[in-house]
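Please read it alongside the sequence and the coordinates.

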Amino acid sequence: MRKIFRLIIPIILIIIFVVLHVIGQVNWKATDYLSFGMIVLTYFYVIFTWEMLERIETQNYLEKRPYVIADFYKERQVLKIYIKNIGKTPAKNVKVILQPDVITFENKSINQTLFENPVKFFPPGKKVETAINSRNDFFKNEENRNYQIKIHYEDVASNKKFNEVIDIDLDHLENENDIITKTTHDLVKSLDKLTQEIKKK
């Protein structure tokens, strides 16, 4: 619509010029025609430059804006959900709604606990996550594998509001296999167990 509006002015000028020329009201020299043509070309050049600057400004903003995402993932046979700001600037009033809701291993609703209250300030790189359940228990009890995550947030700098909708199918997580690796926590537990066995002897 804006592009059509920008074309209206030169079109009107050309129509007026043609009408006046036809009815004999215009008696221009060659230099006058050249000047008129330059005016029209200059107008289009200004419009082109303006649109190019608008595109550059929009691109710069898209590169710097906050961008909050959410997803499910599996870690050591535990299904988790997280939200993270992968943008370059802070977000505020971050509100997440999970549909359908998920009940964790503690019999708590994700929407009424982790996502109950908006996060007032969410800086770049910040990540909030929680465990849902073991992978086996979750997929044994949940027949529905399709979820929709709605994320509402604002840009701290411009107060611009964003509404992201993410559709997720969890089927791929059910069939993923892990290579079980030992962590420092596992090592400490093994040492404690070994110590207890030694004390018994």
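## Salt bridges

A salt bridge is taken here as a side-chain nitrogen of Lys or Arg within 4 Å of a carboxyl oxygen of Asp or Glu, and a search of the whole structure on that basis finds five salt bridges. The model is a predicted one, in which local features need pLDDT of at least 70 and side-chain atom pairs count only at pLDDT 80 or more, whereas totals for chains, interfaces and linings use all residues. Residues are numbered from 1 along each chain as its sequence is written, and side-chain values use heavy atoms, with hydrogens and water left out.

One of the salt bridges joins Glu164 to Arg65, with the closest N and O atoms 2.9 Å apart. This pair links distant parts of the chain, since Glu164 belongs to strand β7 and Arg65 to the loop between α2 and β1, 99 residues away; here helices (H or I, at least four residues) and strands (E, at least two) are DSSP runs, numbered from the N terminus. Both Glu164 and Arg65 are buried, where buried means under 20% relative accessible area, exposed over 50%, and partly exposed in between (1.4 Å probe, protein chains only). In a further salt bridge Glu75 meets Lys80, the closest N and O atoms being 2.5 Å apart; Glu75 is partly exposed because its relative accessible area is 36%, whereas Lys80, at 17%, counts as buried.

## The four-stranded sheet

An open sheet of four strands runs in the order β4-β3-β6-β7 with antiparallel pairing, two strands being paired if DSSP finds at least two bridges between them. Strands β4 (119-122) and β7 (161-169) stand at the edges with a single partner strand each, so one side of each is left without a neighbour in the sheet. Neighbouring strands of this sheet are turned by 30 degrees against each other on average, direction ignored, the axes being lines fitted to C-alpha atoms (for helices over the stretch in contact) and angles running from 0 to 180 degrees between N-to-C directions.

β3 and β4 pair in the antiparallel sense over three bridges, and Ala91 stands opposite Phe122 in β4. Strand β6 (residues 146-155) pairs with β7 over nine bridges, again antiparallel, with Ile149 opposite Ile166 in β7. The hairpin of β6 and β7 has five residues between the strands, and in this hairpin Asn159 takes a positive phi near 65 degrees.

Gln99 lies in strand β3 (residues 91-99) and is partly exposed because its relative accessible area is 36%. Leaving aside neighbours within four places in sequence, Gln99 is in contact (heavy atoms within 4.5 Å) with Tyr147, Gln148 and Lys150. Gln99 and Lys150 are 51 residues apart in sequence, yet 8.1 Å apart in space from C-alpha to C-alpha.

## The three-stranded sheet

A second open sheet has three strands in the order β1-β2-β5, with antiparallel pairing. Its edge strands are β1 (68-75) and β5, each of which pairs on one side only, and the twist averages 20 degrees from one strand to the next.

Strand β2 (residues 78-85) pairs with β5 in the antiparallel sense over seven bridges, and Leu79 stands opposite Asn133 in β5. Asn133, which lies in strand β5 (residues 127-134), is buried because its relative accessible area is 18%. Not counting residues up to four places away in sequence, Asn133 touches Val78, Leu79, Phe105 and Phe138.
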